[in-house]
Amino acid sequence: MPPVDTAAKVLQYLGLAARARELVIGVPLICTALSRTGKGKTPPLVLKATDCSPNTCKRLSDRTAFYGATLMTLPVTCAELARAIGKKDALVAAVGVTEPHLCTAIRAALEQTTTH
């Protein structure tokens, strides 16, 4: 499991993206945004929580594979993910990041922990 420092760093990036309105929040909205390639903000990176349901995991993996987006698992729960993006009384299983530079930073942070 990745160190806590990496999870905190990624959650800070997601909070920043939420404030900049560069996130697609929730599985149904992510699936819709992925299918609208070229018609607005399409998330090139989709992040899912570790405790999302098997049906949600399959739905996200199928959609991201079909539309060419990257799917990564965050080392946080749905509640922690929701809290990081400002949804205090909700559970969020996945988010899509639409800002390319933030996608690069988040990928680098998550891949750095997998190589060590």
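A residue is called buried when its relative accessible area is under 20%, exposed when that area is over 50%, and partly exposed in between (1.4 Å probe, protein chains only). The model is predicted, so local features need pLDDT of at least 70 and side-chain atom pairs count only at pLDDT 80 or more, whereas totals for chains, interfaces and linings use all residues. Residues are numbered from 1 along each chain as its sequence is written, and side-chain values use heavy atoms, with hydrogens and water left out.

By these limits Phe 66 is exposed, with a relative accessible area of 65%, while Tyr 67 is partly exposed at 32%. The structure holds one aromatic pair. The ring centres of Phe 66 and Tyr 67 lie 4.8 Å apart with planes at 90°, so the pair is edge-to-face (centres within 6.5 Å; planes over 60 degrees apart).

Helix α2 spans residues 27-35, and its buried residues are Val 27, Ile 30, Cys 31, Ala 33 and Leu 34 (a helix is a DSSP run of H or I, at least four residues; a strand is a run of E, at least two). Viewed down the axis of α2, these residues fall within an arc of 165°, so they line one face of the helix. Pro 28 and Leu 29, on the other side, are exposed. The buried residues pack against β1 (23-25), β2 (45-48), α3 (54-67) and β4 (94-97).

Not counting residues up to four places away in sequence, Leu 47 touches residues including Leu 14, Leu 74, Val 95 and Ile 106 (contact: heavy atoms within 4.5 Å).

Key: Arc of directions from axis to C-beta. Phe/Tyr/Trp six-rings, centres within 6.5 Å; stacked < 30°, edge-to-face > 60°.
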